[in-house]
Amino acid sequence: MPLQLDLNWLNFGIVATGILPTRGSVMLDVIFLATFAIVMVMSFSIYLVRVRRKYRTHARIQLVLGLILIVAITAFEIDLRFFTDWRSQARPSPYYETGWVDRWLIIHLCFAIPTPLLWIAAIWLAIRWFGWEPRPNRHSAKHRVLGRLAAGAMTMTTITGWIFYYVAFAAK
């Protein structure tokens, strides 16, 4: 049984587990909200490189997003392993007993597990191929494919994560 950390005082008297009016923990709520921001900033970064040809800005944004993603995943995993019993928070969901909470979790994990690996590969190879002053070169086509895979995986991780969050923690 994971340790329980009482963070209800953060809700200023609202009877809820996290910061949103759902059964999700503070960390689940933060990740739920942060994924929207990550996808928006990632999309803007892709726009900057594809349309505006701002290679250096794109590289810096992607590097910062990658670091944020690693820190967020680490904090999230620590929270779920040691502090939050997410199953007890999901049990009141009408989808829990039907098995849909677990099905959506599996679908979500099919995207969530490869996503950081794709981002790490894309960033690592970009630094290797383009250096710290990126310009188009013979590796651009490979980077474009890897970048599309990483961006698609991040988008699908976000969408399936939101569905899982709703099914487990918001549905009544």
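**Entry 1: the overall picture**

I began by noting that this is a predicted model. I then counted elements and found 6 helices and 0 strands. Reading from the N terminus, I wrote the order down as α-α-α-α-α-α. For the extent, I took the C-alpha atoms along the principal axes, and they fill a box of roughly 55 × 35 × 30 Å.

**Entry 2: H1 against H2**

How do the axes of H1 and H2 cross? I looked up helix H1, residues 26-50, and helix H2, residues 55-82, and their axes come within 10 Å and cross at roughly 165°. That makes H1 roughly antiparallel to H2, since angles over 145 degrees count that way. I also noted the hand of the H1 and H2 crossing, which is left-handed.

Next I listed who meets whom. Sorted by class, the contact of H1 with H2 has 17 nonpolar, 4 polar and 1 charged residues.

Phi of Arg53 is near 60°, a positive value in a residue other than glycine.

I stopped at Tyr55 too, which has its place in helix H2. Setting aside neighbours within four places in sequence, I found Tyr55 in contact with Val49, Pro134, Arg135 and Pro136. I also checked Tyr55 against Ile120: they are 65 residues apart along the chain, and their C-alpha atoms are separated by 18 Å.

**Entry 3: H2 against H5**

I moved on to H2 and H5, whose axes come within 10 Å and cross at roughly 150°. The crossing of H2 and H5 is left-handed. For H2, I noted Gln62, Leu63, Leu65, Gly66, Leu69, Ile70 and Ile73 in the contact, and for H5, Pro116, Trp119, Ile120 and Ile123. The residues of the contact of H2 with H5 divide into 9 nonpolar, 2 polar and no charged.

**Entry 4: H5 against H6**

Helix H5 covers residues 114-130 and helix H6 residues 140-170, and I found their axes within 9 Å, crossing at roughly 155°. H5 and H6 are therefore roughly antiparallel to each other. H5 passes H6 in a left-handed crossing.

From H5 I wrote down Thr115, Leu118, Trp119, Ala121, Ala122, Leu125, Ala126, Trp129 and Phe130. They meet Ser140, Lys142, His143, Leu146, Leu149, Ala150, Ala151, Ala153, Met154 and Thr157 in H6. By class, the contact of H5 with H6 divides into 14 nonpolar, 4 polar and 1 charged.

**Entry 5: rings**

How many aromatic pairs are there? With ring centres within 6.5 Å as the cut-off, I get 8 aromatic pairs. One aromatic cluster is formed by Phe32, Phe36, Trp86, Trp162, Phe164, Tyr165 and Phe169.

Last, I looked for charges over rings. The charged end of Arg103 sits over the ring of Trp100, 4.8 Å from its centre. Lys142 lies over the face of Trp129, at 5.1 Å from the ring centre. Trp129 and Lys142 were already in my notes, as they belong to the residues where H5 and H6 meet.

Notes
Residues numbered from 1 in each chain as written. Predicted model: local features only at pLDDT ≥ 70, side-chain atom pairs only at ≥ 80, totals over all residues. Heavy atoms only, no water. Axes fitted to C-alpha atoms, helices over the stretch in contact; angles between N-to-C directions. Helix = DSSP H or I, 4+ residues; strand = E, 2+ residues; numbered from the N terminus. Parallel < 35°, antiparallel > 145°, perpendicular 65-115°, else oblique. Left-handed = near helix turned anticlockwise from the far one by under 90°. Nonpolar A, V, L, I, M, F, W, Y, C, P; charged D, E, K, R; others polar. Phe/Tyr/Trp six-rings, centres within 6.5 Å; stacked < 30°, edge-to-face > 60°. Lys NZ or Arg CZ within 6 Å of the ring centre and 35° of its normal. Contact = heavy atoms within 4.5 Å.
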